[in-house]
Amino acid sequence: MENGQFVIGVDYGTDSVRSVIVNTANGAEMASSVYFYPRWQQGLYCDAPLNQFRQHPLDYVEGLEFTIKECLKEASGKVRPEAVKAISVDTTGSSPVAVDETGTPLALLPEFEENPNAMFVLWKDHTALKEAAELNGHAKKFEPNYLQFVGGIYSSEWFWAKLLHILRVDEKVWEACYSWVEHCDWIPFLLSGGKNIKDMKRSVCAAGHKALWAEEFGGLPPDDFFSSWDLLLKGFTSRLFTKTYTADQAAGNLSAEWAEKLGLTTDVKIGVGAFDAHMGAVGGQIEPYYLSKVMGTSTCDMLVAPTEEVSGTLVKGICGQVPGSIIPGMMGMEAGQSAFGDSYAWFRSILVWPMKMLLLSTKIIDQHTAEKLLQEMTEKIIPELSREAAKIPLNEKSELAVDWLNGRRTPDANQELKGVIANLGLGSNAPAIFRAVAEATCFGAKSIVDRFDQQGVPVKGLIGLGGVAKKSPFIMQMMADVMNMPIRIHKSEQTCAIGAAMFAATVAGIYPKVEDAMAAMGQGFDLEYQPNPENAAIYAKRYQRYINLGKAIETQTMNFSA
């Protein structure tokens with residue numbers, strides 16, 4: 001391998017896109033850039049009470065160009081443009097969009113540019129609750145069980161439920177929609193100059209975990225499975241895909257148009273895309289049977305195992321198990337929580353609301369000072385709550401919460417469920433309630449580990465990745481105590497982008513397989529939280545209370561919904 005070869009990893013998150021230039025010899029980050037989606041920041045095209053969360057493709061396109069250019073500018077003098085060998089991309093998911101026959105998202109056409117239904121339906125959009133419930137009932141009529149590789153339950157966060165919902169609610173989009181495309185498949189198609197949707201290389205990661213694709217089915221389930229569910233879907237599979245690709249393969253080369261925009265050459269390879277947590281697990285140096293937890297607004301929990309060792313094992317209630325979806329040649333298993341960091345942000349917003357209303361209308365200080373003060377206070381709330389909550393003695397019968405503020409993803413997806421806080425009293429203060437919310441997210445994480453263990457896939461250890469893992473010792477120590485298991489924290493703060501870079505290095509042929517790129521480019525671990533045995537014993541009792549409270553809330557919710 002030659003020194004002086006570089007790759008670009010692009011990580012599309014919920015709020016922003018980040019690009020990094022990485023030295024393939026040692027994984028050193030030569031430059032990085034972040035772009036916050038301006039339309040998303042303004043709250044456009046979203047309706048939180050309706051669980052509608054849409055993102056405009058222009059946010060993605062503008063962010064892609066901006067961050068890569070900024071990286072190249074920052075690295076100028078250290079990285080020659082011709083030394084950049086490949087670009088790989090990860091995105092949130094399932095975040096699909098309606099496209100025309102050229103593969104263009106409808107929102108990029110003048111007649112749809114302000115239509116939320118023509119935009120990317122973000123992963124946490126739950127407007128397809130009805131469609132997901134229908135699909136779960138419909139699948140029971142068929143053999144084979146087309147839900148067997150996605151944990152047996154289809155989610156409103158996923159590909160088919162979102163597609164049917166959009167087709168049902170918007171006739172104009174239905175008429176113009178030729179195909180339905182995941183964000184992680186569209187960006188490589190865009191960069192490589194794709195002009196025909198039939199040429200798009202679809203990711204096995206997205207297809208297997210969210211779209212019911214499986215080798216055992218010969219691809220997607222047959223047309224009659226979908227058309228007998230709703231005639232709006234008749235013939236749709238013929239406009240989708242049969243073949244899928246792992247992320248170590250090339251989607252094409254950088255197009256002349258994008259090469260000129262970015263100041264790169266058309267020799268740059270573009271890798272097949274994947275979801276952020278999947279590439280993040282690679283960037284975080286995942287190991288067989290270690291649960292790699294990407295902890296941000298939500299969590300995605302990744303586990304890999306040698307395919308022959310888990311052959312015939314189907315873990316119920318997870319987000320799928322797909323060969324090659326994380327590391328080519330290994331079984332990839334995905335689970336996760338619909339709200340993790342979002343739970344803490346929710347509680348912060350509750351506390352910030354009165355400050356915001358009062359500060360911004362005060363006559364005592366000027367508007368600029370009020371805004372700066374509000375910003376400072378908002379940024380300090382969670383760190384201060386964490387410090388105070390850590391001082392509270394553990395009590396088996398103190399405030400108790402369930403973490404389903406954005407529904408339940410795993411185990412056993414059910415986006416109709418809601419969060420709850422119990423055992424409140426007049427002595428319940430903000431740190432105590434925050435502690436209960438944080439504890440609930442750790443309990444939710446433990447329920448995922450328990451499901452893997454119960455279903456014959458042992459979890460041997462935990463790897464913590466992402467913003468919460470790096471920034472919150474309070475929550476990570478609580479996680480170790482609740483799990484009664486050590487948790488290692490990866491050095492890199494950008495494991496998703498670094499994972500994308502590792503795949504890019506493999507796509508470029510610099511490494512023969514991604515495991516080699518992981519070994520050479522991985523940054524290792526800088527911290528490990530060990531469980532406190534006394535705390536673990538108390539949390540074990542409180543966890544049983546959490547399970548019982550969750551069962552009661554689930555029964556009540558489903559009876560109310562019936």
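The model is predicted: local features need pLDDT of at least 70, side-chain atom pairs count only at pLDDT 80 or more, and totals for chains, interfaces and linings use all residues. Residues are numbered from 1 along each chain as its sequence is written, and side-chain values use heavy atoms, with hydrogens and water left out.

**Stop 1: the hairpin**

Select residues 16–23 (strand E2) and 29–36 (strand E3), which pair in the antiparallel sense over seven bridges. Helices (H or I, at least four residues) and strands (E, at least two) are DSSP runs, numbered from the N terminus. Two strands pair if DSSP finds at least two bridges between them. Ser-19 stands opposite Ser-33 in E3. Then pick Gly-27: the hairpin has five residues between its strands, and this glycine takes a positive phi near 80 degrees.

**Stop 2: two cis peptide bonds**

Go to Gly-93 and Ser-94, whose connecting peptide bond is cis, with omega near 10 degrees. Ser-94 lies in the loop between strand E5 (84–91) and strand E6 (96–99).

Next, select Thr-410 and Pro-411, where the peptide bond is also cis, with omega near -10 degrees. Pro-411 is in the loop between strand E16 (400–402) and strand E17 (420–422).

**Stop 3**

Asp-412 is not a glycine, yet has a positive phi of about 70 degrees. Its relative accessibility is 23%, so Asp-412 counts as partly exposed. Buried means under 20% relative accessible area, exposed over 50%, and partly exposed in between (1.4 Å probe, protein chains only).

Now move to Leu-212, in the loop between helix H7 (204–210) and helix H8 (223–227). Leu-212 has a positive phi of about 70 degrees although it is not a glycine. Because its relative accessibility is 2%, Leu-212 counts as buried.

**Stop 4: the H3 and H4 pair**

Show helix H3 (residues 129–139) with helix H4 (residues 159–169): their axes come within 8 Å and cross at roughly 125 degrees. That makes H3 oblique to H4. Angles under 35 degrees count as roughly parallel, over 145 as roughly antiparallel, 65 to 115 as roughly perpendicular and the rest as oblique. Axes are lines fitted to C-alpha atoms, for helices over the stretch in contact, and angles run from 0 to 180 degrees between N-to-C directions.

For the contact (heavy atoms within 4.5 Å), select Lys-130, Glu-131, Ala-132, Glu-134 and Leu-135 in H3, which meet Trp-160, Ala-161, Leu-164, His-165 and Arg-168 in H4.

**Stop 5: the seven-stranded sheet**

Which order do the strands of the open sheet take? The order is E14-E15-E13-E12-E18-E19-E20, with mixed pairing. Color the edge strands, E14 (321–323) and E20 (525–529), each of which pairs on one side only. On average, neighbouring strands of this sheet are turned by 25 degrees against each other, direction ignored.

Within the sheet, select E18 (residues 461–465) and E19 (residues 487–490), paired in the parallel sense over three bridges. The bridge partner of Gly-464 in E19 is Ile-489.
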